[in-house]
Amino acid sequence: MDHLFDRQFQATMDRLCFSSREKKRMLSQLTQTATNSESRVIPMKKRTAGKVFAMIAACMLITAGSAMAMSRIMWYEGSSNAGYDYNTTADMAAAQEEAQGTQGTAMPQLPDELTGGFQFDGGVQVKTQGKDEEDNVVGSWKDFHGHYVDADGKELTVAMSYNLTGDDGREATEVRSINDVPVTYNYDEYLFLPDENTELDAKTKDRMEQDDHFFVSYGSDAQETVCYSSVRFQKGGISYSVFTSDKVSADELFSIAEELISR
Amino acid sequence: MPYMDDQNVERLVNTYADTILRIGYMYLKQTCDAEDICQEVFLKLLSHEFQFQSPSHEKAWIVRTTINACKDRLRTSFWRNAIGLDSAIDLPAPEPPDSELLELVMTLPKNQRISIYLYYYEGYSVKEIANMMGKRENTVSAYLSRGRLRLRRMLETGGRRITE
């Protein structure tokens with residue numbers, strides 16, 4: 001089989017290719033991107049789209065218990081580009097202004113640097129929908145996520161949303177008042193599973209019901225457990241979440257929250 | 001941007017775009033998703049100061065990065081029915097070839113089909129494939145042998161024969 005398979009497989013795969021026109025278009029897009037980026041290159045540091053979106057999923061799932069409109073959101077679905085939409089906080093701020101629409105408050109521009117040496121690495125716009133148990137869309141909005149990295153490669157995300165989640169009905173790991181703004185800190189464990197039909201053992205099911213800081217999420221490439229630290233607060237009609245799966249202490253996250261509240 | 005002049009960009013696209021498309025298709029089963037991966041990998045390559053020792057070194061980086069980008073993309077399936085926000089594409093993505101053999105290969109589990117692709121089409125050794133996929137050599141050997149066995153059975157069961 002090997003010899004014949006080899007030849008036929010090669011002939012088949014040879015036929016899966018871009019046309020000349022498609023390659024020219026790709027070339028044009030790449031060249032244009034390079035031209036636009038030359039004056040403000042921010043090297044893409046260690047970052048994987050998967051890691052960012054895992055954080056996004058975690059943030060969303062944290063708010064899954066919130067009510068919106070007349071229905072209870074059970075699922076969040078979001079879509080965004082695999083790479084950054086914005087290379088600078090200014091670019092992202094311009095997009096946020098555009099997205100403001102009928103919202104009363106404009107999202108403030110994020111700082112280029114956060115307490116603890118976190119530098120802005122890039123931003124994405126996330127189109128999000130909240131769905132109820134029946135899979136009905138009960139709301140949709142555009143969130144903006146700024147991604148930061150420190151000199152050691154630790155990453156964190158600042159998510160801003162007009163979706164005001166309010167009390168998600170669970171006991172936070174810690175709550176502090178900063179400039180009269182309640183800020184909740186949570187340390188949550190996520191079990192990621194590839195298949196939503198995966199049978200869960202009794203212990204896991206128990207934890208899901210009893211433990212406010214344990215979640216199961218589906219759709220990953222492989223089973224893995226990831227812990228996220230996050231602080232959340234609302235200010236000026238905007239919901240903020242700062243979250244990370246790297247070792248950033250609660251005090252550091254509260255400091256970052258204070259910095260954002262004070263702006 | 002480093003590594004970036006028009007001539008080099010054109011060389012990279014002409015040399016590797018199809019490879020990335022094929023690997024992306026093997027992983028993601030959609031040529032439009034594979035096309036997105038292509039853009040992502042090239043932009044990553046073009047925005048860094050890379051010094052490759054040889055063309056094979058350069059290609060190995062491309063293959064490895066493509067595989068990692070595909071894995072990341074699969075992770076974003078947290079987002080059910082996720083759709084890309086890329087600006088409207090004025091050309092449709094390439095159509096996969098109409099081939100029974102390809103259809104059978106695409107029914108294999110992801111790791112088996114990508115191993116089969118890298119071994120039979122790209123000509124990489126088990127060791128090289130293991131390095132690219134971040135797996136042990138024994139694991140890749142198992143992917144290949146199981147993949148071949150399943151293909152053989154499917155071909156025999158379907159009464160199909162690969163003919164000259």
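Chain B contains seven helices and zero strands. Along its sequence, the order of elements reads α-α-α-α-α-α-α. These descriptions refer to a predicted model.

Of the 164 residues in chain B, 52% count as buried. Its accessible surface comes to about 8000 Å², and carbon and sulfur atoms account for 45% of that area. Among the contacts in chain B between residues with a separation of 6 or more, 71% involve residues 24 or more positions apart.

## Two helices that cross in chain B

One pair of helices in chain B can be examined in detail. Helix α6 of chain B covers residues 126–133, and helix α7 of chain B covers residues 137–157. Their axes come within 8 Å and cross at roughly 105°. Angles of 65 to 115 degrees count as roughly perpendicular, and α6(B) is therefore roughly perpendicular to α7(B).

On the side of α6(B), the contact is made by B:V126, B:K127, B:I129, B:A130 and B:M133. On the side of α7(B), B:E137, B:V140, B:S141, B:Y143 and B:L144 take part.

## Chain A: helices and strands

Chain A has six helices and twelve strands. It comprises 263 residues, of which 49% count as buried. Chain A exposes about 12400 Å², and 46% of this area is supplied by carbon and sulfur atoms.

The contacts of chain A can also be described by distance along the sequence. Among those between residues at least 6 apart, 70% join residues at least 24 apart.

## The nonpolar cores

The largest nonpolar core has 57 residues. The residues with the most contacts inside this core are A:F9, B:M26, B:F42, B:Y117 and B:L118. Helix α1 of chain B, residues 6–28, contributes the largest share of the core, namely twelve residues. A second, separate core has 31 residues, including A:Y86, A:I178, A:F233 and A:L253.

Which residues does B:F42 touch, leaving aside those up to four places away in sequence? In chain A, B:F42 touches A:M26 and A:L30. In chain B, the residues touched by B:F42 are B:L12, B:V13, B:Y16, B:A17 and B:I20.

Methods: Residues numbered from 1 in each chain as written. Chains lettered and ligands numbered in written order. Predicted model: local features only at pLDDT ≥ 70, side-chain atom pairs only at ≥ 80, totals over all residues. Heavy atoms only, no water. Core = buried A, V, L, I, M, F, W, Y, C linked by side-chain atoms within 4.5 Å. Buried < 20%, exposed > 50% of the residue type's maximum accessible area, 1.4 Å probe, protein only. Helix = DSSP H or I, 4+ residues; strand = E, 2+ residues; numbered from the N terminus. Contact = heavy atoms within 4.5 Å. Areas by Shrake-Rupley, 256 points an atom, 1.4 Å probe, with all protein chains shown as cover. Axes fitted to C-alpha atoms, helices over the stretch in contact; angles between N-to-C directions. Parallel < 35°, antiparallel > 145°, perpendicular 65-115°, else oblique.
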